[in-house]
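The report below is meant to be read alongside the sequence and the coordinates.

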Amino acid sequence: MIELQLTKGEYLSYYKAKVLDIIDSNKTILIDSNPGTGKTSLFVEIGIDLKNNKRKGRLIFCAPFLIIQSQFETDLKEKGYKIDLILNSSSERKTLLDTDKIICSTYQSLKHIINDLNENDIIVLDEAHSLGYCYPSKNDSINTGYFDAEVSLLLQSKSKVVLMTGTPDEYINKLFKLTQIKVKKENEKKATVNIFNSKKSAVDLAISFAESVSIDFSKDYLNTIFINSTKQCEEINIKLQELGYQSKALTSHHKQEKTYKQLVKEMTIDENINFLICTSVISTGANIKNKKIGRALVLFESNPKEIKQFSKRFRQKLDINIDVVNKSSEKGNDGEITTQLKSEFDTLTSLIETVYMLGIPQNYTNSILSDVGTQNDIIKQLVLRYLMQYSYLEKQRSKRYKSPVLLKEALDSYSDISTELKTLDTNKDTLSDKIEKGKLEQILEGYSNQFIQNHEQFSYEIIQGKGIDRYNSNIYNNKIGRYLNLKDIKIKPEVTKIISSPYFEGKLLVPVIGNYEYIKSLPETIYLTSRKSKRELNKILLTLYFSWFIDTHTEIKILNYEYQFVYKLESAILNPLQKAIFKLLKNTFEFCLKKDNAVVSELALFLTNRFSSLEIFKELPFELTNKDGFINERVECLVDALFLTKSKKEKRIQSNGKNISSVIFEKELNKDDLVLPERKKYLDLITSKQIAMNKEGGAFWGVPEKNKILSNPKLIICKNLDDDFFTLC
């Protein structure tokens, strides 16, 4: 092995003369070098030297995929030079001219010119680890695609052969008998790979990731999700778009689309794309040169080479932070390489050498045009078997790396990656059938009481990821923890014990995270989540959803002696759903304004008749309508979001003489009836407004009658908290 040490600011092109001396002295070379060391730039310079007749021979730059071929062409153009011959399946000319100095070919198209090359020519194979790939046929159980023909031609070529990769393999090295140049770089930037296990689906993990990075990075940053399944790639993309994210899927099926073509031509992704969901179309060698790179997520991938290759695609962010998530049910086995398998590689290598020594003809002198029994045919068959065994070897290795510990060990062998093994989730969110429901409710109530009283300690431990799924920890930190002052926190032993329990995360923490965005205060969120039934809680959350909308986008003004429900000036531009919500609330306000009470069924019918279509309300996070119109119970939430009402309905005589159960509006906020001083103190902090009107006509003169209290989120929360909460706090 020959080592080249690059100091800060140096690239491989600084050592061009030395590298060329090594190439000239050896037939087959491996340049083992990480991205960012200037491998491609070195051969761009060598190509330019050939064009300027500073050196004899030709440069044949080969890539396994068209996208890498196109990016080499772009690199050369930036220097003011063009490729003389481009070889791929769509090329019209597939023969060499004497004037051709720089040739760029796919692996598969190299066959058209390789027999015309001589000892002065240099074949460079970029992403050379791809030589060991196999590609599945339509029948996934049979792998039929190998680079056996290409490898056998390379082994017999007269020209120099240079393999370039950052993930070399001893068995590919052995096949080619490579002289290895190991390139090391001072202060090399390292990608950070966090390894997790999770039971969640790919879509759920992607959503959690999107929520997390959307807080850490603005929308002009590119975040990438890698999953080696075209179907799941598309599913994730569709779901993220439904949630309002600017996302784009990039797979082999998208090669005619703008995003792929821009990546090929400019090596960038459109800045309007916030999330790129891709398959191995990226990890196979495409470079992304966007300057604003956020984070990356790799799903269900345990091949360290694939992870390493993917991590280095972001050329402006070689120190990218990547989360690798595999299924928690998967456990690695030892998958050791047997002595027999190693012996088979040795045998096949020896047989290939023997074929060369025997001088087997390349052609036979008879009329049958066939290469059966020729040197090329025999070597090709031996190479095919070698690559088949190599494919089997890779599968055996991949079984090992399903173990997080062994995957970490493999990734740590790369100098440009640092890894961290994160806390793995267990079956703690799966309840035992032996736990009685009542007993479980008691356990959870005890946990919630501790969580409320020690929420800072709990938050600190949750954010540290101790005993918690990493993705729940991240979401908690981004949604809740970042707003807390968690300095100098001393943790009680019982806090750690509760967090590690089988029920805390799945039955308490996860619902709290989801409900916090509506309640927006941690103790209250914990209490309401743990004390209210699902039906009660959904009603509270929907009421708060509308109340926050009112607080953000609307105001009540007096115009022409009438109270008017209007947009705030800064909310004049709303999307279609927001406009529909505004119309819904405005009509509810006008229906209730001059009434002492509201009959919900009448209001639901009134609102249904105000809309020609209710389809847009299906976009809400809550079910508001059914086939008959607005749901009565949901309509009650609209009233509660606008006005403070009594907790229970009461019967009132209506204009038709019927005594009907109705929502009753509170006329004043009476704090004198409160027993607990803590509750009174809590209510004193809430600002409430009363509105007045003369019920006979809506106009008012002098001192009007005060007969309604405008609601707000704090009042709604306080109304639904009982004395136990204030005792706890």
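Is E127 buried or exposed? E127 is buried, as its relative accessible area is 8%, where buried means under 20% relative accessible area, exposed means over 50% and partly exposed lies in between, with a 1.4 Å probe and protein chains only.

The model is predicted, and for that reason local features need pLDDT of at least 70 and side-chain atom pairs count only at pLDDT 80 or more, whereas totals for chains, interfaces and linings use all residues. Residues are numbered from 1 along each chain as its sequence is written, and side-chain values use heavy atoms, with hydrogens and water left out.

**Overall figures**

The protein has 26 helices and 26 strands, which are DSSP runs numbered from the N terminus, helices being H or I of at least four residues and strands E of at least two. Of its 729 residues, 50% count as buried. The exposed surface comes to about 35,600 Å², of which carbon and sulfur atoms supply 48%; accessible areas follow the Shrake-Rupley method with a 1.4 Å probe, and for residues only the protein chains shown count as cover. Among contacts with a separation of 6 or more, 72% are accounted for by residues 24 or more positions apart, a contact being heavy atoms within 4.5 Å.

E127 sits in the loop between β6 (122–125) and β7 (134–136). Leaving aside neighbours within four places in sequence, E127 is in contact with P64, I68, Y107, M164, T284, G285, Q309 and R313.

V44 belongs to helix α2 (residues 39–51) and is buried, with a relative accessible area of 2%. V44 and L76 are 32 residues apart along the chain, yet their C-alpha atoms are separated by 6.2 Å.

K82, by contrast, is exposed, and its place is in the loop between α3 (66–78) and β4 (85–87). With neighbours within four places in sequence left aside, K82 is in contact with K51 and L76. From K82 to I103 there are 21 residues in sequence and 9.7 Å in space, C-alpha to C-alpha.

| Residue | Relative accessible area | Class |
|---|---|---|
| E127 | 8% | buried |
| V44 | 2% | buried |
| K82 | 62% | exposed |

**Strand β2 and its partners**

Strand β2 (residues 28–32) is mostly covered, with 5 of its 5 residues buried. T28, L30 and D32 point one way from β2, while I29 and I31 point the other way. Strand β2 runs parallel to strand β9 (residues 160–165), to which 5 bridges join it, and the bridge partner of I31 in β9 is M164. Strand β10 (residues 179–185) is likewise parallel to β2, through 4 bridges, and there T179 is the bridge partner of I29. Two strands are taken to pair if DSSP finds at least two bridges between them.

**The seven-stranded sheet**

An open sheet is formed by 7 strands in the order β13-β14-β12-β15-β16-β11-β17, with parallel pairing. Its edge strands are β13 (247–250) and β17 (417–421), each of which pairs on one side only. Neighbouring strands of this sheet are turned by 20 degrees against each other on average, direction ignored; axes are lines fitted to C-alpha atoms, for helices over the stretch in contact, and angles run from 0 to 180 degrees between N-to-C directions. Within the sheet, β12 (residues 222–227) and β14 (residues 275–278) pair in the parallel sense over 4 bridges, and F226 has C278 as its bridge partner in β14. Helix α13 (residues 404–412) lies across β11 (191–198), β16 (321–327) and β17, running at about 165 degrees to β17.

**Nonpolar cores**

A nonpolar core is a set of buried Ala, Val, Leu, Ile, Met, Phe, Trp, Tyr and Cys residues joined through side-chain atoms within 4.5 Å. The largest has 78 residues, and those touching the most other members are F451, I462, Y476, F504, L585, F617 and F630. Helix α21 (residues 576–592) gives this core its largest share, 9 residues. Because domain 4 (430–531) and domain 5 (556–689 + 702–726) both give residues to this core, it lies between them; the domain bounds come from an automatic or database domain assignment. Apart from this core lies another, of 41 residues, among them L30, I60, L175 and L382.
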